[in-house]
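The following paragraphs lead the reader through one structure, step by step. Please keep the sequence and the three-dimensional view at hand while reading.

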Amino acid sequence: MNDETVRVRRQRSIYQVHYGLKKEVKKEMAKPIPYLNPGADITAYNSQVAGHRQTENNKYLGLLQCNNGTVMKPILQESQQREVDFYKRVSTSDDPDLVELRKYIPKYFGCKKYTYDGHENEYIILEDLTVRMLEPCVMDVKIGKRTWDPLATPDKIEREKSKYAACKNEYRFCIPGFQVFKLSNGQLRKYGKDYGKKLQGQMVIEAIRTYLNGAGESGVCRALLLQFLAQLWKIQRWASRQCALRLYATSLLLVYDAERVRRCCRDNDLFAFKLKCTSPAPGARRRSIHSMHSVETAGSNFSGQITAKGPQYKRVQSVSTTPLGLVQSSFVPPNTASNSPWSEALNKLHHNHSFDHNYDDKLSKIKMNYRAVLDQLSSDEPTPNWGTVMIIDFAHAFFNDDDEAAVDDNFKEGIDNFVRIFETLLRETDDQVF
Ligand SMILES: O=P(O)(O)O[C@@H]1[C@@H](OP(=O)(O)O)[C@H](OP(=O)(O)O)[C@H](O)[C@H](OP(=O)(O)O)[C@H]1OP(=O)(O)O
Ligand SMILES: Nc1ncnc2c1ncn2[C@@H]1O[C@H](COP(=O)(O)OP(=O)(O)O)[C@@H](O)[C@H]1O
């Protein structure tokens with residue numbers, strides 16, 4: 001592929017996202033079942049965070065993970081047979097809503113009988129969204145205030161109404177489970193249904209922050225948020241228009257690789273100095289040429305003139321790259337108590353332009369953030385080995401007949417609220433850019 005082709009492809013994707021232009025759609029059919037070699041590793045799936053998984057009468061009910069990038073979900077109930085029908089129909093349909101939906105759900109590879117631990121079962125084979133992740137952080141977010149389908153018994157309706165009630169009433173979604181590898185030490189923490197059922201109010205936001213590894217002082221990694229939001233906005237747009245489906249008790253599955261985030265932060269010196277595992281020695285950070293115009297510099301070298309280009313400084317003899325401690329000792333701190341006519345202006349400039357930041361760091365962050373979002377926007381296939389969101393669990397999905405066609409408000413409201421939280425978290429990271 002030459003550069004021109006890449007450029008044209010990127011442009012097309014960005015236009016699609018921002019202006020809603022429809023691209024000619026490649027017809028994507030169900031893929032053949034991937035070849036499982038006879039010695040293929042098939043094991044209980046460790047990164048399952050919600051859903052059926054306990055063992056009943058000696059029978060394991062959870063997902064299996066294969067070493068070829070797929071997971072196998074057992075078909076144990078009538079509702080899961082409905083999920084098979086859902087995947088079959090969506091993967092072959094011409095309906096534009098369903099064609100678009102194929103981008104937001106795991107790839108479907110058919111069904112297969114398999115004997116695990118002495119028990120034979122039918123399984124749906126799906127793309128493993130955590131494939132190749134070294135430290136998969138996974139969160140299951142069940143969407144909608146109503147989590148029962150039209151065929152639910154009164155008993156099931158009562159059970160569903162009583163679970164996660166506070167969270168569903170307030171946010172129109174709930175969090176049945178998540179797992180996170182801590183950036184600071186690689187430790188795995190799992191949060192299950194019991195934890196999820198207690199969440200309400202601000203605790204919900206804190207749980208999301210914990211999942212994003214942003215509960216500490218360092219905050220959430222902006223590039224990670226952008227990665228998620230790029231896909232969430234597409235899903236939100238789809239949900240606000242699609243009339244083909246009613247989705248009860250489906251989930252958003254968020255996945256990202258903590259190892260990748262850690263590497264990205266370290267490479268860009270984003271949080272490096274705040275993470276214990278990568279702390280450089282004190283004084284090891286160097287100032288860039290741009291950071292010479294710090295508040296200290298402004299105090300001692302400020303010429304007393306402000307032009308359209310900003311404050312004017314006296315010429316500095318040489319640009320030092322000595323460690324921070326040494327640089328500091330060679331400047332006189334500004335007299336903050338001074339009543340100089342410039343002190344108020346300088347104060348304002350300090351607030352607005354944050355002179356005391358390292359601009360190389362800032363540029364790195366800006367570049368990284370834009371690269372991440374451009375990569376995501378220009379790719380039709382989100383890269384699962386970094387971070388993405390997909391819709392999963394279609395055991396209670398119902399296709400609308402033509403005369404029923406309408407937006408699914410229950411699903412849409414849940415998505416809107418979830419996206420809003422991510423947008424708020426993104427705003428909290430604005431200082432990483434502006
Ligand atoms: O209580 P039940 O029987 O409705 O079981 C729920 C399952 O319903 P099903 O067995 O398919 O009828 C239900 O499955 P669905 O999402 O309805 O497919 C969930 O696994 C639910 O757990 P949670 O709400 O995600 O914490 C399960 O709820 P828990 O009781 O495990 O919390
Ligand atoms: N395609 C997938 N890739 C990776 N993990 C998955 C995938 N599908 C499901 N999971 C994991 O399995 C869990 C349960 O899946 P789900 O389809 O909701 O099952 P259930 O019908 O038992 O509720 C999810 O929370 C997630 O952790």
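**The ligand shell and the nonpolar core**

Helix α4 supplies three residues to the shell around ligand 1, which is the largest share. The structure is a predicted model, and every distance given below is computed from it. The shell as a whole holds 13 residues, and the closest of these are Lys156, Lys163, Tyr164, Lys193 and Lys197.

Several side chains place polar atoms beside oxygen atoms of the ligand. For lysine 193, a polar side-chain atom is found 2.7 Å from an oxygen atom of ligand 1. In the case of arginine 159, an N or O atom of the side chain is 3.1 Å from an oxygen atom of ligand 1. Histidine 52 also takes part, with a polar side-chain atom 3.2 Å from an oxygen atom of ligand 1. Considered alone, ligand 1 exposes 600 Å², of which the protein buries 77%. Two elements, α4 (154-162) and α6 (193-198), are those that give two or more residues to the shell around this ligand.

Aspartate 149 belongs to the loop that lies between β8 (136-143) and α4. Is aspartate 149 buried or exposed? Its relative accessibility is 6%, below the 20% limit, and therefore aspartate 149 counts as buried. The side chain of aspartate 149 comes to 2.7 Å from the backbone nitrogen of leucine 151. When neighbours within four places in sequence are set aside, aspartate 149 is in contact with Arg82, Tyr248, His396 and Phe398.

The account now turns to the nonpolar interior. In soluble globular proteins, nonpolar side chains tend to be buried together. Here the largest nonpolar core contains 73 residues, and Ile208, Leu212 and Leu252 are the members that touch the most others. The greatest contribution to this core comes from helix α8 (residues 222-241), which gives ten residues.

Leucine 212 illustrates how such a member is surrounded. Not counting residues up to four places away in sequence, leucine 212 touches Val220, Leu224, Leu225, Phe228, Tyr256, Phe422 and Leu425.

Helix α8 itself can be described in more detail. Helix α8 consists of 20 residues and spans 28 Å from its first C-alpha to its last, close to the 28 Å expected at 1.5 Å a residue. How many of the residues of α8 are buried? The number is 15 of the 20, so α8 is largely enclosed by the rest of the structure.

Terms used
Residues numbered from 1 in each chain as written. Chains lettered and ligands numbered in written order. Predicted model: local features only at pLDDT ≥ 70, side-chain atom pairs only at ≥ 80, totals over all residues. Heavy atoms only, no water. Core = buried A, V, L, I, M, F, W, Y, C linked by side-chain atoms within 4.5 Å. Buried < 20%, exposed > 50% of the residue type's maximum accessible area, 1.4 Å probe, protein only. Helix = DSSP H or I, 4+ residues; strand = E, 2+ residues; numbered from the N terminus. Contact = heavy atoms within 4.5 Å. Expected span 1.5 Å × (residues − 1). Near = heavy atom within 4 Å. Polar contact = N/O pair within 3.5 Å; in protein donor to acceptor, adjacent residues only side chain to side chain. Areas by Shrake-Rupley, 256 points an atom, 1.4 Å probe, with all protein chains shown as cover.
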